[in-house]
Amino acid sequence: VRHLLGIKNLTENDIQLILETAREFKDVINRPIKKVPSLRDITIANVFFENSTRTRLSFELAEKRLSADVVNFSASGSSVKKGETLLDTVNNILAMKVDMIVMRHASPGAPHYLSDRIRANVVNAGDGTHEHPTQALLDSFSIQDKLGAVAGKRVAIIGDILHSRVALSNIFCLQKQGAEVMVCGPTTLIPKHINELGVKVSHNVREALNWCDVANVLRIQLERQQIKYFPSLREYSLYYGITKKMLDELDRPIVLMHPGPINRGVELTSDAADSHHSIILDQVENGVAVRMAVLYLLAQL
Ligand code: CP
């Protein structure tokens, strides 16, 4: 049984195959009849132990566009609240003849733990501060769409790198495809050993914006901070907040990305988020095709 647990162990060829398959599915979902029968005999459970808007709905739509049967599970409102374990929960779902598990969990490694113990495909829809592989794949797909290629591009990931699963998956995904990556944020929100990943580091948002072709902006993940980090949201927006004026004043065009949810007025002003630089809603659109590709390819293995 095969899984998608992270980008770290994928090859460049794996990534290209997913992105090329996603391109075919993007054509499909732009037709008047958006559905194909590819996963007609497959049942998929979306098992979410953490909140989500984009990822959960995007997986559900991807599954429905592929004609899979779909069930949705949210830990809040379930018997997890009565003390049922992750493994018992998933084994009970699988007993109802479910073939694939798409899981989001707050604990890094939770989908890996599960994949060692069950006989069903596991897709990681975000595990704590670790990885969010389908977000990185849809981000690369969106860069390809906008700029023609990922190879040779300079991508700055700006914000709370320390608590971000999007940052780690994007670093792996972009580097495997030949992009250069810079991370930018306050010292307190950048992991100490980030240099070991071969990325550039900046603590100056204007320097990062001047350097890059693409700025992927992340929110401050207050829910993952065990202690109160410096800076506060007010200080963060003062020193790292990105405005439309800053983007307009750059010497060359820049592509603005954000995985969502945006904290408007903190990491991005509304006029920046909604500007012509932004492809934020294109990322969301592309997410459905990319998730269709991931599910389709896993089902063939
Ligand atoms: N980008 C992302 O993972 O958003 P959600 O938390 O809403 O799924």
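**Exercise 1. Find the bridge partner of Met100 in β4, and describe how the two strands are connected**.

Step 1. Met100 belongs to strand β3, which covers residues 100-105, where strands (E, at least two residues) and helices (H or I, at least four) are DSSP runs numbered from the N terminus. The bridge partner of Met100 in β4 is Asn121.

Step 2. The strands β3 and β4 run parallel and are joined by five bridges, pairing being assigned if DSSP finds at least two bridges between two strands. Between them the chain passes through helix α4 (residues 110-115), and this β-α-β crossover is right-handed; that term applies if, with the strands pointing away from the viewer, the path from the first strand over the helix to the second runs clockwise.

Step 3. The model is a predicted one, in which local features need pLDDT of at least 70 and side-chain atom pairs count only at pLDDT 80 or more, while totals for chains, interfaces and linings use all residues. Residues are numbered from 1 along each chain as its sequence is written.

**Exercise 2. Decide whether Met100 is buried or exposed, and list its contacts beyond its neighbours within four places in sequence**.

Step 1. A residue is buried if 20 or more other C-beta atoms, placed from the backbone, lie within 10 Å of its own, exposed if 12 or fewer do, and partly exposed in between. Met100 has 22 other C-beta atoms within 10 Å and is therefore buried.

Step 2. With neighbours within four places in sequence left aside, Met100 is in contact (C-beta atoms, placed from the backbone, within 7 Å) with Ile42, Ile44, Ala120, Asn121, Val123, Leu295 and Leu298. The C-alpha atoms of Met100 and Asn124, which are 24 residues apart along the chain, are separated by 11 Å.

**Exercise 3. Trace the pairing of β5, β6 and β7**.

Step 1. Strand β5 (residues 154-158) pairs with strand β6 (residues 180-184) in the parallel sense over five bridges, and within this pair Ile157 stands opposite Val183 of β6.

Step 2. Together with helix α6 (residues 165-176), β5 and β6 make a right-handed β-α-β unit.

Step 3. On to strand β7 (residues 200-202), β6 again pairs in the parallel sense, here over three bridges, and Met182 has Lys200 in β7 as its bridge partner.

**Exercise 4. State which domains the assignment gives, and what the side of domain 1 that touches domain 2 is made of**.

Step 1. The domain assignment, whose bounds come from an automatic or database source, gives domain 1 as 12-131 + 284-300 and domain 2 as 133-280. Taken over C-alpha atoms, the centres of domain 1 and domain 2 are 26 Å apart.

Step 2. The contact takes 20 residues from domain 1 and 20 residues from domain 2. On the side of domain 1 that touches domain 2, the elements giving two or more residues are α1 (12-29), β4 (121-127) and α11 (280-300).

Step 3. The residues of that side of domain 1 divide into seven nonpolar, eight polar and five charged, where Ala, Val, Leu, Ile, Met, Phe, Trp, Tyr, Cys and Pro count as nonpolar, Asp, Glu, Lys and Arg as charged, and the others, Gly among them, as polar.

Conventions: Contact = placed C-beta atoms within 7 Å.
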